[in-house]
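Hi,

Here's the structure I promised to pass along.

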Amino acid sequence: MNPYIQYMYSYPHKTAYRPLEGIFLKDYASCLAGRGHGLYLHIPFCQTKCGYCNLFSVTGQGEEKIDRYLDGVERQLTQFRDILEPYGAEFGDVTIGGGTPLLLTEKQLDRMFQLVDSGLSLVRNRDLIIETAPNQTTKEKLKLLKSAGVTRISMGIQSFHDGELKTLQRQHHAGKAREALDLLRSFSFPCVNLDFIYGIPGQTIGSLLDSLEEALTFQPDELFLYPLYVKHGAGLERKLQNEGLVLDPELAFQQYQEASAFLRSFGFRQDSMRRFVRRPDRRAFSDCGFGTSLALGCGGRSYLGKLHFCTPYAITQKGCLSQLRAFEQTEDFNVITHGILLSEEEIRRRFVIRHLLIQPGLSLKTYYDHFNSDAEHDFPQLAYWLQQGWLRKEVFPAGELDLGAETMLTLTDTGMGLCDYLGPQLISQEIQGRMDEWEERNL
């Protein structure tokens, strides 16, 4: 069994999206009425493209081109504000991702934060989350983040071993990461997250644990552990072929098991296969299957009820630049041209995937309340997973999850490590067919 089939961070994947006609944001704006929504700003610029990266990002773009992109974001924000104003939309979570947002100059970062603050209504105690990388983390830019009220900052470290960083085609070295982390810790942000990768060719269990042990000396609030995926179109694909390097999923799974046990032994709570949180309390239940989020810029996606939309998915520099130029030339951001309208079946699948792969799991009662149906009947594979010991039924006492007494389907420790094997089994045949079609056509 290969435990690493696909990372199910959302459903459906962007490769299942298709051109849309006759779809307008104003017709779905009521989904964003009132509070409780997320806002995502995509900054698609990087110094270089990491070898494993298949995200929407471009390299080699100078200050003038980035300014032009921010001009497009400002036009988009102005139009969105006019559309959403009648509904009193307020956003509680603001995430700025990429790309590498801190690649922007200090002047551009200041403009970016001003656009977000003035463009749409934010709740008073909003969360403001941003990503950074070691090479782009400077004292001056961290001062800007602090004054902007950033509440969570995430840094991609991946490894503290230079040989492993070289294999990944990362542009920073371990010494630079240590320097950036010392600087970051001096600013006392409310939450600091560090990302690491396992399954790197040449990496051992020992070298992975060395990196994590060193990471703990910087007292992060969260750690994310990602298995190495090398998808078609990523730069590392050719390197693996040319140098005869291979991915070893069996070793990667052993690395995961040792790393997760190591972090739990230091008091980290494991919320998912990837996320470890330095808090002893149990993760509270969050009904996240129907969350609403609006994306700004080019490359992010929006979730408005049954409508999911974004710019067409691209991986290569040429493909991403083409979409970037189209975004900058867009005159009417009310028109939605690419996405998917989810059927009732796909909404149920999304709900199960979004809950089952994180702790504390899937509430059987909440599922029934939403869909007037039984989850175990709708998804027969769950019975097999229970039989295999990958799932368990756990009864939570009244009040523990703010749901009353509740029966949850919860991943066992073994099942947690198999999320990227189990999750893909919940993909419908129609969505899988769309994804396969996209790969055949584009890669």
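Before the element names turn up: helices (H or I, at least four residues) and strands (E, at least two) are DSSP runs, numbered from the N terminus. Keep in mind as well that this is a predicted model.

Overall picture first. The protein chain comes to 16 helices and 18 strands. Its C-alpha trace spans about 55 × 50 × 45 Å along the principal axes. The radius of gyration is 21 Å, which agrees with the value near 22 Å that a compact globule of 443 residues would have. Buried residues make up 55% of the chain, and of the contacts with a separation of 6 or more, 77% are between residues 24 or more positions apart.

Now the second largest pocket, which has a volume of about 360 Å³. What lines it? There are 20 lining residues, and Cys310, Thr311, Phe333, Val335 and Thr337 lie nearest the centre. At least two lining residues each come from α1 (63-84), β14 (307-310), α9 (317-328) and β15 (335-341). The largest share belongs to β15, with four residues. By type, the lining divides into 10 nonpolar, nine polar and one charged.

Last, the cysteines. Cys46 counts as buried because its relative accessibility is 12%, under the 20% limit. Cys31, at 29%, counts as partly exposed.

Cheers

Notes
Residues numbered from 1 in each chain as written. Predicted model: local features only at pLDDT ≥ 70, side-chain atom pairs only at ≥ 80, totals over all residues. Heavy atoms only, no water. 1 Å grid on protein atoms, 1.4 Å probe; cavity = no way out; pocket = protein on both sides within 12 Å on 5 of 7 lines; lining within 4 Å. Points joined across faces, edges and corners; volume = space filled by probe spheres on them. Nonpolar A, V, L, I, M, F, W, Y, C, P; charged D, E, K, R; others polar. Buried < 20%, exposed > 50% of the residue type's maximum accessible area, 1.4 Å probe, protein only. Rg over C-alpha atoms; globule rule 2.2 N^0.38 Å. Contact = heavy atoms within 4.5 Å.
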